[in-house]
Amino acid sequence: MTYKVTKKNVVKAVVAGKRFDGRGLFDHRDIEVRFGVSNKAEGSVSVKIGKTEVVCGIKMGVAEPYTDHENEGTMMTSLELLPLSSPNFEYGQPTIESVETARIIDRGIRESGFIDFKKLCIKEGEKVWSIFIDIATINDDGNLIDAGSLAALLALRTARKPVYDAEKDKIEYGEFTDEKLPLNVDKMPVTMTFFKIDDSLLVDPTRDEEDACEGRLTVEISKPGKEEIINAMQKGGEAVLSAEDIEKIMTEATKIFKKLNSLVESEAEKFEKEGKKKSKK
Amino acid sequence: MSYTKRIDGRKFDELRETSAKIGVVPNADGSAIFAQGDTIAIAAVYGPKILNPKHQQNPEKGVLRVHYNMLSFSVGERIRPGVSRRSQEISRVTEWALTPLVMLEELPGTVIDVHINILQANAGTRCAGINAAAMALAHAGVPMKELVSAVAIGQMGDTIVSDVTKEEEDYEEDGEKAATDIPIAMLSNSEKITLMQLDGKLPTRKVKEVMEAAREACKKIHDIQVKALKEYS
């Protein structure tokens, strides 16, 4: 819980264009990526943004396809707000916060064409691969939507398919192939959430800042060709947005897209290099 | 290839036949039905009333709660009755879309329950729900600053259209999904946005065009809402 007096001070600072940690309104905290947090997962990663930490694990299974997409694999995104990560989270049914966040992250990945679902078909109408993107919070200091999404992208980029025995119709969990997931890397969507305090906008809030916000707009952008494409958007919170707010968000989003996109690219590349070194030994 | 003619023959900025009626649930403090083409939403408002259990009360302002629900028979293949992840999310974004209308600071300790049910669905159900709920709130005599109107703007190929149908949502070009769905709710006076979602593929340069289409469409819907409210009183 953020004290009212803290919220007031956050608002005062942000209205003056300042933040407690000295960042500019559109600056991120330091981002740190660590791969392989679980060797049981098909792909896994920890992402830290300042003091916020989330982990994401990819698991795969074989399932029946949906009747309206008989030749396509399936995907499910879930988010657990672990009580271990914050005094504000409790055990029990998934809260609306976790459901909404997972659905936002899911939407960008699904709509962008980042995953080639047709290549996840094993036998049309009968068997397809399903991808489970499971995200969990380790420490909550704000901006969980963007952190979770970043973790999902990195886990997907570095996941390897498990061994599947078609005859026995069984996955040999724990045994991995060298085969990556069928991804269209050029269509990778980046998630950016803009928060509104009074008439100011900012990104990557700490928990105190986020609690002082009246609303947010999440924008998920990919750049498959020359221009930026919005794959998903969602307004959250009670704040209202003006046409000028949206214009400002689009301008800043283009800049942030570049930064986060190249961060994912360089981290994924690092993983490939290090992975190859290991397999040579 | 491009989307030069709408599947149902409408103009790009033309809404489906729209009708609205106030006072359809006698038990409720306020109620309305809003139909847009084949999409029909019915909304009922109960409250403001004392919020129980007491610990959920906010001593500073009232609470607006939205319950969005699609009836199991409102779509092609039956949907399981009850709360789903989708309906939870829509309830939440609808709360955010409606809260800025209501002077909740005048109603501390109370709750306003808004129940939205979809009788028949052909795309744009969350928007129809918001339109019905705004009228139901007015009918209930809840202190309000202004009304809100919502519409689903779509991009078919690279054409921007207003009030998309299910058939348009499933529009494809070269065997690929080519429809983008953008539900938007706009306040009637200040023209500020209270709901905005998107899924699909919209170039950032087209955001302005989408906003303009939403503004025009919301104006038309606002007129229908006002007309229904006047007819009732």
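This is a predicted model: local features need pLDDT of at least 70, side-chain atom pairs count only at pLDDT 80 or more; totals for chains, interfaces and linings use all residues.
How many bridges join β3(B) to β5(B), and which way do the two strands run?

Nine bridges join β3(B) to β5(B), and the two strands run antiparallel. To pick out one pair, find Ala43(B): its bridge partner in β5(B) is Ile116(B).

Now let's look at the other neighbour of this strand. Strand β2 of chain B, residues 30-36, is joined to β3 of chain B, residues 39-50, by seven bridges, again in an antiparallel arrangement. Together β2(B) and β3(B) make a hairpin, with two residues between the strands. In that turn, have a look at Gly37(B), which has a positive phi of about 60°.

Next, another helix in chain B. Helix α4, residues 207-232, has 26 residues, and from first C-alpha to last it reaches 37 Å, close to the 38 Å expected at 1.5 Å a residue. Several of its residues are buried, among them Val207(B), Val210(B), Met211(B), Ala214(B), Ala217(B), Cys218(B) and Ile221(B). Further along, His222(B), Gln225(B) and Ala228(B) are buried as well. If you are wondering about the spacing in that list, an α-helix has 3.6 residues a turn, so residues three or four places apart point the same way.

Let's move over to chain A. This chain has five helices and twelve strands. Its radius of gyration is 20 Å, close to the 19 Å that the globule rule gives for 281 residues, so chain A is as compact as a globular protein of that length. Its C-alpha atoms fill a box of roughly 65 × 40 × 35 Å along the principal axes. Buried residues make up 42% of the 281 residues. And of the contacts in chain A with a separation of 6 or more, 68% are between residues 24 or more positions apart.

Finally, how do the two chains meet? The contact takes 26 residues from chain A and 24 residues from chain B. On the chain A side, α2 (96-112), β12 (229-237) and α5 (243-280) each supply at least two residues. The most comes from β12(A), with nine residues. Sorted by class, that side of chain A has twelve nonpolar, six polar and eight charged residues.

Strand β12(A) also pairs across the boundary. Five bridges join β12(A) to strand β11 of chain B, residues 193-203, and the two run antiparallel. For a place to start looking, Ile229(A) stands opposite Pro203(B) in β11(B).

How values were computed. Residues are numbered from 1 along each chain as its sequence is written. Chains are lettered from A and ligands numbered from 1 in the order in which they are written. Two residues are in contact if their C-beta atoms, placed from the backbone, lie within 7 Å. Helices (H or I, at least four residues) and strands (E, at least two) are DSSP runs, numbered from the N terminus. Ala, Val, Leu, Ile, Met, Phe, Trp, Tyr, Cys and Pro count as nonpolar, Asp, Glu, Lys and Arg as charged, and the others, Gly among them, as polar. Two strands pair if DSSP finds at least two bridges between them. The expected span of a helix is 1.5 Å times one less than its number of residues. A residue is buried if 20 or more other C-beta atoms lie within 10 Å of its own, exposed if 12 or fewer, and partly exposed in between; C-beta atoms are placed from the backbone. The radius of gyration is taken over C-alpha atoms; the globule rule is 2.2 Å times the number of residues to the power 0.38.
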